[in-house]
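Here is a short briefing on a multi-chain model. Please look it over before reading the notes below.

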Amino acid sequence: MSSIKVIACSGIGKAMGLMAREAALQVTDKLAPDVAETVCLAYIVTGDEDARNKVEDLNCITVDGCPAMCAAKSVEHAGGIVQAKYRVIDEMRSHKGVNAGTGTALTEDGWQIVDELAEKIAGKVAELIREDQSNG
Amino acid sequence: MSKTYAVLPCNGLDKCAGGVSKEAAVMLAENSDSEIICPVLLHASDARYEKITQEKPLLVIDGCATRCASKLAAEKKLKITEKINITEEAKANGITLGKGLHIGENEMKLAKIIVDKLTQVQESSKTEDSIEFPSKLTYEVYKKDKFVFRLPKEEGFYFNENDVWAYVVGNKARIGVTDFVQKSLSDIMFFTPPAIGNQMEQFEDAGNIESAKAVFEIISPVSGTILAINEKLMEAPELINQNPYEQGWIAEMELSDFENDKELLHTFDGYFEVLKRKVDEFHVKH
Amino acid sequence: MSESSFMGVPREEIDWSPRVDFSKCNYCMECVEFCPHKVFEVHEEADQKFVVKNPNNCVVFCRACGKTCGLDAISFPDKSETTAHIKTIRKEAESNE
Amino acid sequence: MDEKQVGVLSCSGEECLGGTIARLATRKVMEVLRPDNVVTLCLPLYIAGGEEERDFAKTYPVISVDACDKCCAKRATIKYSGAVKDSLVLSDILGEDVVLSKIVSARDLKEEHYKMVDEAAEEICKRVDKILAE
């Protein structure tokens, strides 16, 4: 069984891009390193066949910062099966008025939101793994 | 008369969601003049459905994220008008799909919710279309760095200096904010709408929108009564960022004294100068 | 900011800005933090901890800071009078041309 | 009145440390070192079809900043907007071992990492200044 790809947008202009990047990293590095891994988003679109093989027909979870949904769009375009799409902006909506920081560095509040989102994504990873196993 | 579709369900056999896609398609066909496209037959012989897909808008119903029906439609070069995903719908409606492959009570309920929603969408979009709005707008643009600020040139658009527009047809108007507002706010996360039925004077507030940066009070360019609000913004305020003149409009109003309101409104030429000045000042400050 | 105007009327000729009733105010500072246009200025050491420093920075017809005030200590000029005043000045300017 | 503008399009590679260094260096140039002249372009948006980013890159000179020799940012620019004015590949200045080492969270960046960011930012500035001097 192949691992779940967790792919972030890493948008450079806003705090939400950094938050997406860090949430994905936390899942692949700390919360579910054995069953989840990441892939460079830009590479799967601009790269060669090898790059596409990293996502094509594989289970992916995308983590986007803003509603432009760049990671989701590009992963779908590259043929990945997007099982779940997360958006940092949705997390921000449940933390009204919070200053999360900038695209360079996050505030404590910003990190808090990253941690919560990472937990959600890790939960989804576990769910997908279970489904995959029960389907044999 | 209600709208009809050519319905392409995935009809997947390996997951319960596939069964729900079929059930929803059957219900739609029974409740309206919609016609079902069998994915297996479509795959084997696309000519069979040529007529239906030309006559009717295509509704694709996928069971899961593998999106086989969407992929099949794309492969056959069919233009998809609407997409439904059963797994996502189940989640959105708080329904857990069964592990088995048989359709149970819950699954039937979900299929019915989806079919109801599809027919309801058509009704509510009718009320939203109470004002005849141009299907396509032409824009003048003002560029600053990489940012592009659009402004519609169509006659009928009026603007106040609080960066809110009104598109006036007869005694009705649709209102919304300009590109300057949505760009300076950046990602809009909250929309507080004005109350329907509310009577307001010109320059009274018609709700507000909020991003991580600031709250913007929508100051009405016209006086009158709120007839409708853009319901879609409640779930997706980002539509204002995508296009504040088209899918991101705020509300529709019945006008009470437009001749008088007009005195303190700009048409395109006047506001375009205001917009340019504001953009320049904004960029100097930031 | 002396160049700023509203509908062709110089901003200083339009009397529009928040009026704060400091007898009601509890200095929660919500209004000050809310306004992005630097209308208010904080005076931390003083008894009255902030002032309306730049009334002409206030966006004509915006009342948003008033809504942050739970004690209703903030009011604004009468909107209809302000509208009428702006129209009068515009007419005068037109007839002088 | 208008200052000359240069776009910087950086990779934010998610698989290695170089991606983090590239994006931080680019942001430092935009925020601190050359704020009046540098506009950062968002690579994921650019790739996914962002019109504003693509149009800017067609009109203004663009410097691509990549972590490794896959050069995703450079390749994307050439594909969608025609050409890059200049380019920087961090493995050339920091070494391939370093850029391809394990990615580090922004939470855990150390002194050594900030030194790399400074070095990369300086290299970007050199390229910006060269274009501005033209």
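Which residues of H7(D) are buried? They are Met116(D), Val117(D), Ala120(D), Ala121(D), Glu123(D), Ile124(D), Arg127(D) and Val128(D). The model is predicted.

**Helix H7 of chain D**

- H7 covers residues 111–133 of chain D, 23 residues in total.
- From first C-alpha to last, H7 of chain D reaches 33 Å, close to the 33 Å expected at 1.5 Å a residue.
- The buried set of H7(D) includes Glu123(D) and Arg127(D), which both count as charged.

**Fold of chain D**

- Chain D contains 7 helices and 4 strands.
- Their order from the N terminus is β-α-β-α-α-β-α-β-α-α-α.
- The radius of gyration of chain D is 14 Å, which agrees with the value near 14 Å for a compact globule of 134 residues.
- The C-alpha trace of chain D spans about 40 × 30 × 25 Å along its principal axes.
- Buried residues account for 51% of the 134 residues of chain D.
- Take the contacts in chain D between residues at least 6 apart in sequence: 70% of them join residues at least 24 apart.

**Fold of chain A**

- Chain A has 6 helices and 4 strands.
- The pattern along the sequence of chain A is β-α-β-α-α-β-α-β-α-α.
- For 136 residues, a compact globule would have a radius of gyration near 14 Å, and chain A agrees with 14 Å.
- The box filled by the C-alpha atoms of chain A is roughly 45 × 35 × 20 Å, taken along the principal axes.
- In chain A, 56% of the 136 residues are buried.
- Of the contacts in chain A with a separation of 6 or more, 62% come from residues 24 or more positions apart.

- Between chains B and D, the contact takes 4 residues from chain B and 6 residues from chain D.
- The chain B side of that contact has 2 nonpolar, no polar and 2 charged residues.
- Chains A and C do not touch, with their nearest C-alpha atoms 11 Å apart.
- Chains C and D do not touch either, and their nearest C-alpha atoms are 18 Å apart.

**The largest nonpolar core**

- The largest nonpolar core has 186 residues.
- Met19(A), Ala42(A), Val63(A), Ile121(A), Ile61(B) and Leu43(D) touch the most other members.
- Helix H1 (residues 15–31) of chain A gives the most to this core, with 9 residues.
- Domain 1 (6–128) and domain 2 (139–285) of chain B each contribute at least three residues to this core.
- Ala42(A) touches Leu43(D), along with Cys11(D), Ile47(D), Cys72(D), Ala73(D) and Ala76(D), not counting residues up to four places away in sequence.

Notes
Residues are numbered from 1 along each chain as its sequence is written. Chains are lettered from A and ligands numbered from 1 in the order in which they are written. This is a predicted model: local features need pLDDT of at least 70, side-chain atom pairs count only at pLDDT 80 or more; totals for chains, interfaces and linings use all residues. Helices (H or I, at least four residues) and strands (E, at least two) are DSSP runs, numbered from the N terminus. The radius of gyration is taken over C-alpha atoms; the globule rule is 2.2 Å times the number of residues to the power 0.38. A residue is buried if 20 or more other C-beta atoms lie within 10 Å of its own, exposed if 12 or fewer, and partly exposed in between; C-beta atoms are placed from the backbone. Two residues are in contact if their C-beta atoms, placed from the backbone, lie within 7 Å. The expected span of a helix is 1.5 Å times one less than its number of residues. A nonpolar core is a set of buried Ala, Val, Leu, Ile, Met, Phe, Trp, Tyr and Cys residues joined through C-beta atoms within 7 Å. Domain bounds come from an automatic or database domain assignment.
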